[in-house]
Amino acid sequence: MKKYLIIGSGFSGAVIAEQLSKNPENHITVIDERDHIGGNCYTERDSETNVMVHKYGPHIFNTDNKEVWDYIQNFCEMVPFVNRVKSIYKGNVYSMPINLHTINQFFNKTMRPDEAKIFIESIAKKDIEEPQNFEEQAMKFIGEDLYKAFFYGYTKKQWGCEPTELPASILKRLPVRFNYNDNYYANPYQGIPRDGYTGIFEKMLSASNIEVKLNTKFDSSWDLSEYEKVFYSGPIDAFFDYKYGRLSYRTVYFERAVAEGDYQGNPVINYADPEVPYTRVHEHKHFTPWEEHEKTTYFKEFSKETEEADIPYYPKRLTEDMEKLALYEEEVKKMDKIYFVGRLATYRYMDMHHVIGEALDLIKKLK
């Protein structure tokens, strides 16, 4: 019998465990320091409203990878879902991402696609050849007015600093659509599991040769010699006891409320004004439009710097972070049977489909 240890029961750990369990001679132990499986994708029924709640914030599954799309549907019924995000700025509601409707409404015009394209080119900052920060990158794409309206305040709240302090690489591309397509995602496969995400993890980890241990925190002093391979999906700096210092993250927290009927009429609404303390409000009954609920529950989302007791969400990847990361990655290279997987262990922001795809690819390489 070959023993495997998987640290973390999010998508990285669950996919690897499910794939390894296909060999009955393998015994897989999955540990998680939380009291539930599924990581930040965990969903549960709200006790007061019976609405299916994404406990750690909205998760809409979307991908251009058919292999990943087909794979995930082995464990759930993925109901087609289009995420249509709105943004409130100075008392007006706009459609996101920026599209022809947003542009015409914001500038009080009725431009056609070709006219809007010329117009945006005319207001974009042409004197910025090589953007040095987030702000310059945005203004090079869309000009000052749209940047100030939809990105400045939101970004400042999300990252806790001036956008000029953030690297341009955070905003690799800025989708501006010169039609009325308000689908937040461009990927061809989009959906939400009918019965929530937790059921997916339960099925992935259901094999008899998978043992799940919750409320179990990994410690670097553990003897790992009995395991054929170890897959670690926690923070890379924590694995090495922060010997080169902590990597910086932003985290989020939520204020929950309950109301009768429908609170905001949409799953997600961003609040772009800098003086509004929260970044967005999500109302979870709208993630399951096939269900009916008399009451609703919604969450105001706030962003802050990650402290020791917080759950890390978004890697900041500032210059000093990348210098520390390089030192940790050198340590990783010395490991011969420990694999660092997922967003925390690789210190990258990754969507669900990226995490699943990389986990599947890793198992293929190890076979």
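Is Q264 buried or exposed, and what is its relative accessible area?

A: The model is a predicted one. In it, Q264 has a relative accessible area of 16%, and because the cut-off for buried is under 20%, Q264 counts as buried. The residue sits in the loop that links β12 (249–260) to β13 (268–271). A polar atom of the Q264 side chain lies 3.4 Å from the backbone oxygen of P267. Leaving aside residues up to four places away in sequence, Q264 touches I269, V281, H282 and E283.

Elsewhere in the model, helix packing can be described around α3. Two packed helices are described by the angle between their axes and the distance between the axes. For helix α3 (residues 100–107) and helix α4 (residues 113–123), the axes come within 11 Å and cross at roughly 65 degrees. The crossing of α3 past α4 is left-handed. On the α3 side the contact is made by L100, I103 and F107, and on the α4 side by P113, A116, F119, I120 and I123. By class, this contact has eight nonpolar residues, with no polar and no charged ones.

Helix α5 (residues 134–159) also packs with α3, at an angle of about 105 degrees and with the axes 12 Å apart. The angle therefore makes α3 roughly perpendicular to α5. Here T102, F106 and F107 of α3 meet D145, L146, A149 and F150 of α5. By class, the contact of α3 with α5 has five nonpolar, one polar and one charged residues. F107 is named in the contact with α4 and also in the contact with α5.

Definitions and conventions. Residues are numbered from 1 along each chain as its sequence is written. This is a predicted model: local features need pLDDT of at least 70, side-chain atom pairs count only at pLDDT 80 or more; totals for chains, interfaces and linings use all residues. Side-chain values use heavy atoms; hydrogens and water are left out. Helices (H or I, at least four residues) and strands (E, at least two) are DSSP runs, numbered from the N terminus. Buried means under 20% relative accessible area, exposed over 50%, partly exposed in between (1.4 Å probe, protein chains only). A polar contact is a pair of N or O atoms within 3.5 Å; within protein, one must be able to donate a hydrogen and the other to accept it, and residues adjacent in sequence count only if both atoms are side-chain atoms. Contact means heavy atoms within 4.5 Å. Axes are lines fitted to C-alpha atoms, for helices over the stretch in contact, and angles run from 0 to 180 degrees between N-to-C directions. A crossing is left-handed if the near helix is turned anticlockwise from the far one by less than a right angle, and right-handed if clockwise. Ala, Val, Leu, Ile, Met, Phe, Trp, Tyr, Cys and Pro count as nonpolar, Asp, Glu, Lys and Arg as charged, and the others, Gly among them, as polar. Angles under 35 degrees count as roughly parallel, over 145 as roughly antiparallel, 65 to 115 as roughly perpendicular and the rest as oblique.
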